[in-house]
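Let's walk through a few packing details of this one together. Here it is.

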Amino acid sequence: MSGRMMQNSAIGRGGRWFRKAVMPVLAVIATLLAIWYVAVVPMNIKEVLTQAEREGAVIVPPSAAERRDAGRWGLVFANLDLIGPSWSTERARLPAPHQVAGELWKSTWVEETTGRRGIVQSGSFSNRSLIYHGGVTLTATVLGFVIGSVLGILLAVGIVYNRAMDLSVMPWAIISQTIPIVALAPMIIVVLYSVGLSGLVAKAAISAYLSFFPVAVGMVKGLRSPDAMQMDLLQTYSANKSQSFWKLRLPASVPYLFASLKIAIAASLVGAIVGELPVQRGGLGARMLGGSYYGQTEQIWAALFMAAVMAAGLVWLVGWIERRTLRAMGAQP
Amino acid sequence: MDGNNVPSSSTDHSVQTPVIIAENLSLTFQTGDGPVHALKDVNLTVDKGDFVSFIGPSGCGKTTFLRTIAALEAPTDGVLTVNGMVPDEARKARAYGYVFQAAGLYPWRTIEGNIRLPLEIMGFSRADIENRVRNVLELVELAGFKKKYPWQLSGGMQQRASIARALAFDADLLLMDEPFGALDEIVRDRLNEELLSLWARTQKTIAFVTHSIPEAVYLSTKIVVMSPRPGRITDVIESPLPKDRGLDIRDTPEFIAIAHRVREGLRAGHGDEV
């Protein structure tokens, strides 16, 4: 009896882990994919009908003018046999998930291993692969993130220790974030180009512009987190400002800093992509805009997914460093 | 005797040396609702080796008085000297160690690291720091816990660590602001006993703020009863109890008599408000 119970509970534990951790994730992904596949049909129906008409199929209604004014769902129900082709059409408005996955595979693994310019045949990453373009974006993201974080921390220190900065800097920092970055990015690039800075530095500047703000806000809060009693204690030791900064304020701000850094790295990636839109010299932003110029929606979506994967990886990396750091600082596990 | 209290143990205790002298001390806070008289005409002398308790209801200025001694507040009138100096100089001369109501240990430092904090700030040598940390940890019986982080210790142990931190740099005066106020009664009894034995071994002068009558009577050689609005001293009781006392002294008639006098003093101070 007890042996059977133990066996059951061992199976139960694995089953529970599957039910509690894996099932919800799979369920959400399955739901999203289902919605996506359903949405693909009306999105592509007009192009699919035109294509089918050209190939001589009988479609309802037969005239192009009638189809132009008809509702998408109505067209779908009138031509139920064309649902299949809407998931595999060449120039889809909304490509189906498997088409995006195929493009992602083709523009990474296939391009690098078999392409003429791929790393296998040429020794360097192909400028037609998402690995190359992801790398271009990643370089700008990391550089901008480092610049923005350092700037944010310095601003926070200034705000906490200098009353004039406290009163003057924060309003400007907030205003800076209310301007849409898409409007500002081309101007930043033009202004930096005129002083001889372009390419990587210009993109990193936009990344830094987006990432300094969360770091500054988080660090101001963190540096001010020690309570009055903690400050009084240091006063009883006659500690000077630099001692109270290094021994109390800075270590107390570390958890706040990491929370901000996670937001900052994601913002930094967005900044780098936006910075690549007007320049068109490589990067995921260039791929997205290029794809939209030439109606290559699969290319846009593949680049989007590449950006999402990179963002997830970067945020995970910051989180990993956070866990290591806080554990080294004696945090309760 | 531990090596870290040579200066205090070498002095002759038969001669009364004043450590704290307050003469007509007043402190008024200016607030939006008008001035608040936190302290008014306070006169008090604390001698070397005394254990003085300040007791009174909230708002009577007992904590403010302690903070004024520590130069965390500045008096608006009157004279206050600590070791013959104005409080601010005394603070810079490391005249006192201060224990707050909360242990206030840094969560990112081990117990050892927390005790090292004042020593690092005051610029002690590395070897000296190691020595002192070891000595005070033994003094508060936490030697086995030096590598632990604060969250791994009970509230009582954390408060002992914070006392060790205040003792580490050899101040002769220990200022304690309701250090056991947040602890349960069983732990508090035990820490009271330990504090008395620590006081006997180190010969420190201790100023202790509390709102517990038994705690004040049990610990003190001198009990200062205070009352609010304005914060002032209503009674100073020199305790006839022997310096060497156990917890069971709380059942003796002498103890009960002093406790009664403290209670009367508190009631008189409150006037018609109670």
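This is a predicted model: local features need pLDDT of at least 70, side-chain atom pairs count only at pLDDT 80 or more; totals for chains, interfaces and linings use all residues.

Residues are numbered from 1 along each chain as its sequence is written, chains are lettered from A and ligands numbered from 1 in the order in which they are written, and side-chain values use heavy atoms, with hydrogens and water left out.

Helices here are DSSP runs (H or I, at least four residues), as are strands (E, at least two), both numbered from the N terminus. Two pairings involve helix 14 of chain A (residues 297-328), and the table puts their geometry side by side. Axes are lines fitted to C-alpha atoms over the stretch in contact, and angles run from 0 to 180 degrees between N-to-C directions.

| Pair in chain A | Angle | Axis separation |
|---|---|---|
| Helix 12 (residues 241-276) and helix 14 | about 160° | 10 Å |
| Helix 7 and helix 14 | about 45° | 11 Å |

Helix 7 of chain A is therefore oblique to helix 14 of chain A, while helix 12 of chain A runs roughly antiparallel to helix 14 of chain A. The cut-offs are under 35 degrees for roughly parallel, over 145 for roughly antiparallel, 65 to 115 for roughly perpendicular, and oblique for the rest. Helix 12 of chain A passes helix 14 of chain A in a right-handed crossing, and helix 7 of chain A also makes a right-handed crossing with helix 14 of chain A. Right-handed means that the near helix is turned clockwise from the far one by less than a right angle, left-handed anticlockwise.

Who touches whom? On the helix 12 side, the residues in contact (heavy atoms within 4.5 Å) include A:Phe258, A:Leu261, A:Ile265 and A:Leu269, and they meet a set in helix 14 of chain A that includes A:Met310, A:Leu314, A:Val318 and A:Ile321. By class, that contact has 17 nonpolar, 2 polar and 2 charged residues. Nonpolar covers Ala, Val, Leu, Ile, Met, Phe, Trp, Tyr, Cys and Pro; charged covers Asp, Glu, Lys and Arg; the others, Gly among them, are polar.

From helix 7 of chain A, A:Leu130, A:Gly134, A:Thr137, A:Leu138 and A:Thr141 meet A:Ala302, A:Ala303, A:Met306, A:Met310 and A:Leu314 in helix 14 of chain A. This contact has 7 nonpolar, 3 polar and no charged residues.

**Two covered helices**

Helix 13 of chain A (residues 284-293) is mostly covered, with 7 of its 10 residues buried. Buried means under 20% relative accessible area, exposed over 50%, and partly exposed in between (1.4 Å probe, protein chains only). Those buried residues pack against helix 5, helix 7, helix 12 and helix 14 of chain A. After helix 13 of chain A comes A:Gly295, with a positive phi near 65°.

Helix 11 of chain A (residues 228-236) has buried residues including A:Met229, A:Asp232 and A:Leu234. Its buried residues pack against helix 12 of chain A, and against elements of chain B that include helix 2, helix 3 and strand 5. A:Ser238 follows helix 11 of chain A, with a positive phi near 55°.

**Two buried residues**

A:Glu112 sits in helix 5 of chain A (residues 97-114) and, at 4% relative accessibility, counts as buried. A polar contact of 2.5 Å links the side chains of A:Glu112 and A:Ser129; such a contact is a pair of N or O atoms within 3.5 Å, and within protein one must be able to donate a hydrogen and the other to accept it, with residues adjacent in sequence counting only if both atoms are side-chain atoms. The C-alpha atoms of A:Glu112 and A:Ser126 are 6.3 Å apart, across 14 residues of chain.

B:Ser227 belongs to strand 8 of chain B (residues 222-227) and is buried at 2% relative accessible area. Leaving out residues up to four places away in sequence, B:Ser227 touches B:Cys60, B:Arg232, B:Thr234 and B:Gly269.
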